[in-house]
Amino acid sequence: MHIMPIDNFLRALMRDVGWGFFYGTVNFDHVFGTVNHYGTVEMFAGLFNDAYRASDSHYVELFQSKDLRAVFEEMLDNWTNAGFDPYAAPDETGKVFGPKNGNNTKALKRERLVAKRMVGLPGDLGFRGDKDGYPINRQFADVPQNQPEVHAEPGFEDQVHAFNMFAYVSRSDVTWNPSVVSCVEDSQFCATTEEETLPITHGNDRVEWFIQATDEIIWDIEDGKTGRPRAKVVMRAGDVAAMPADIRHRGYSPKRSMLIVWENNDGTLPQRYASGEFKPYPVEF
């Protein structure tokens, strides 16, 4: 038997579903989670826990990603009460506990926003606004909403573009859910708002870069396989950090903050890191 509080479980389950099992490992807590193999996914208990492994009590089962996702989606819809939004910050959502009461299917069915090239380009993701159901968040009331002026050289008007990323992110209605705001081949800039606690502990299968755009996030860094503590990282506005490919991390944001997660979407990376071809960190000093 393993027990988790229902609010923690639903918030973690929402990220696993919304991210399509994400990159690498999604630890719901210190026992339960999933590992993405991009087409198949492992669901485990105790796989990355020293005590479970030492007593040979860990368990792993492999599923087709589409099959497990369908089960997870049905669980989310069945267990989420009306008014509770597992994607939102705790202050912005309703009550999770108690007998089943209605549903919140609309909130659960949000599509993750992914720009093909960049937000605001013709045929790409549009800007967020009040009329689209994206008001400025209560904690970003001081973020300027003006758009930059672009003065391109003659002949280059359709090749230069800019947008106010801070304004775009200030209107996010979810937390701890990166949206791709620009993409160049496999290089993706994923902008997100963070508040309170990251609902999962993310174990990387590649290096991630974090760029703290506003305010502050405190990260607990653990060994990816054992969960043993390795570091505590405090990031304030302007800080940049690389999260190695052999760790897992969980963040705490005292005030709603903006974070850019710079991802490399190259599908060959997990095997190249796992095989030792690449070192788990990006640079040696």
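Which elements each supply at least two residues of the lining of the largest pocket?

Tutor: The model is predicted, so local features need pLDDT of at least 70 and side-chain atom pairs count only at pLDDT 80 or more, while totals for chains, interfaces and linings use all residues. Residues are numbered from 1 along each chain as its sequence is written, and side-chain values use heavy atoms, with hydrogens and water left out.

The elements are β2 (32-36) and α6 (269-274). Helices (H or I, at least four residues) and strands (E, at least two) are DSSP runs, numbered from the N terminus. Of the elements, α6 gives the most to the lining, with four residues. A pocket is an open set of points on a 1 Å grid over the protein atoms alone, where a 1.4 Å probe fits, with protein on both sides within 12 Å along at least five of seven lines; lining residues have an atom within 4 Å of a point. The largest pocket holds about 570 Å³ of space, a volume being the space filled by probe spheres set on the points. There are 24 lining residues, and Asn204, Asp205, Lys225, Ala245 and Ala274 are the closest to the centre. By class, 11 of the lining residues are nonpolar, eight polar and five charged. Here Ala, Val, Leu, Ile, Met, Phe, Trp, Tyr, Cys and Pro count as nonpolar, Asp, Glu, Lys and Arg as charged, and the others, Gly among them, as polar.

Helix α1 covers residues 6-18, and 10 of its 13 residues are buried. Buried means under 20% relative accessible area, exposed over 50%, and partly exposed in between (1.4 Å probe, protein chains only). Among the buried residues of α1 are Phe9, Leu10 and Arg11.

Two loop residues beside these strands have a positive phi without being glycine. Phe21, with phi near 75 degrees, is found in the loop between α1 and β1. Tyr38, with phi of about 60 degrees, sits in the loop between β2 and β3 (40-45). Phe21 counts as buried because its relative accessibility is 3%, whereas Tyr38, at 40%, counts as partly exposed.

Charged pairs come next. Side chains of opposite charge can pair when their charged atoms come close. A salt bridge is a side-chain nitrogen of Lys or Arg within 4 Å of a carboxyl oxygen of Asp or Glu, and the model has 21 of them. One joins Arg138 and Glu92 at 2.2 Å, N to O. Arg138 lies in the loop between α4 and α5 (165-170) and Glu92 in the loop between α3 and α4, so the pair ties together parts that are 46 residues apart in sequence. Glu92 also meets Arg256 in a salt bridge at 2.9 Å, N to O. Arg256 is in strand β12 (residues 247-264), so this pair ties together parts that are 164 residues apart in sequence. Arg256 is buried, with a relative accessible area of 0%, while Glu92 is partly exposed at 30% and Arg138 is partly exposed at 40%. Together with Glu195, the residues Glu92, Arg138 and Arg256 are linked in a network of salt bridges.

Conventions: The expected span of a helix is 1.5 Å times one less than its number of residues.
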